[in-house]
Amino acid sequence: FKLGTLQLCKNLIRSVGQPNFPKFESFPMAHKVAYRFYVGRIKVLEDDMIEAEKNLTYALEHCHRSHTENIRRILEYLIPVKLILGYLPDKALLRRPELSHLEGLVTAVKQGNVRELSKELEKNQRLYISKGLYLSLDRLKILGYRNLFRSVVMIHQKDVREDSTQKATNAQRVPINMFLNPFKRFGEHDFIREQMQEKQTSSEDTEQEDLEQMQE
């Protein structure tokens, strides 16, 4: 990791998996924890979050409780990985000073506030880049939008249930206008602008094609 030659790390991992290599269980626990931690980090860089979560969880569960600095280093990767997989960490865990930079991310994802999520990523951009997490954390915006739209659907369904004049089947039909206001309030300006530009470009292309057909 220090040399930036991750290919050599992959070669080492392949060697550990060979039949003639000593059994993993035969090594001291400290070595096994360190190995799993670094394998987890490699899996993050490879965008394999399931394997990253498995290795980092092993490292956390087997790390000695007195080694608080090592626990902090593991959690700095494990919490973002679990977030990407859709798991929200315990609030008490995020109150630890050394993990406070993750609290804003978790809150923004939970609320579906993608605009605030982007601000949090930008604020700690250098930190996340140095840890190789920035590109992975950018995927949290998808979860943010999912949570935002899910909240809209739940509110709509609640309103339908409380309104005796509406049919139950209307709960499954959410008017598009219900998504627009929260999207404009909590979505990314750039994303909204890009979508509008794409729509305008598509409309202009269609008009141009129609014009060409008429001329033919």
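Predicted model: local features only at pLDDT ≥ 70, side-chain atom pairs only at ≥ 80, totals over all residues.

User: How many helices and strands does the protein chain have?

Analyst: The protein chain has 12 helices and 0 strands. Read along the sequence, the pattern is α-α-α-α-α-α-α-α-α-α-α-α.

User: And how much of the chain is buried?

Analyst: Of its 216 residues, 34% count as buried.

User: Now helix 6 and helix 7. At what angle do they pack?

Analyst: Helix 6 covers residues 103-111 and helix 7 covers residues 114-123. They pack at about 160°, with their axes 8 Å apart. The angle is over 145 degrees, so helix 6 is roughly antiparallel to helix 7.

User: Left-handed or right-handed crossing?

Analyst: The crossing of helix 6 and helix 7 is left-handed.

User: Which residues meet there?

Analyst: From helix 6, Gly104, Leu105, Ala108 and Val109. From helix 7, Glu116, Leu117, Glu120 and Leu121. The residues of this contact divide into 5 nonpolar, 1 polar and 2 charged.

User: Switching to Asn147. Where is it, and is it buried or exposed?

Analyst: Asn147 lies in helix 10, which spans residues 140-162. Its relative accessibility is 8%. The cut-off for buried is under 20%, so Asn147 counts as buried.

User: What does Asn147 touch?

Analyst: Leaving out residues up to four places away in sequence, Asn147 touches Val109, Lys110 and Gly112. Val109 also belongs to the helix 6 side of the contact with helix 7.

User: Which polar atom of Val109 lies 2.7 Å from the Asn147 side chain?

Analyst: The backbone oxygen of Val109. It lies 2.7 Å from a polar atom of the side chain of Asn147.

User: Last one, Arg73. Which helix is it in?

Analyst: Arg73 sits in helix 4, residues 68-84. Arg73 is partly exposed, because its relative accessible area is 30% and that class lies between 20% and 50%.

User: Which residues is Arg73 in contact with?

Analyst: Phe37, Tyr38 and Arg41, leaving aside neighbours within four places in sequence. With Tyr38 there is a polar contact, side chain to side chain, at 3.5 Å.

User: And how are Arg73 and Glu98 separated?

Analyst: Arg73 and Glu98 are 25 residues apart along the chain. Their C-alpha atoms are separated by 9.5 Å.

Note on methods
Residues numbered from 1 in each chain as written. Heavy atoms only, no water. Helix = DSSP H or I, 4+ residues; strand = E, 2+ residues; numbered from the N terminus. Buried < 20%, exposed > 50% of the residue type's maximum accessible area, 1.4 Å probe, protein only. Contact = heavy atoms within 4.5 Å. Polar contact = N/O pair within 3.5 Å; in protein donor to acceptor, adjacent residues only side chain to side chain. Axes fitted to C-alpha atoms, helices over the stretch in contact; angles between N-to-C directions. Parallel < 35°, antiparallel > 145°, perpendicular 65-115°, else oblique. Left-handed = near helix turned anticlockwise from the far one by under 90°. Nonpolar A, V, L, I, M, F, W, Y, C, P; charged D, E, K, R; others polar.
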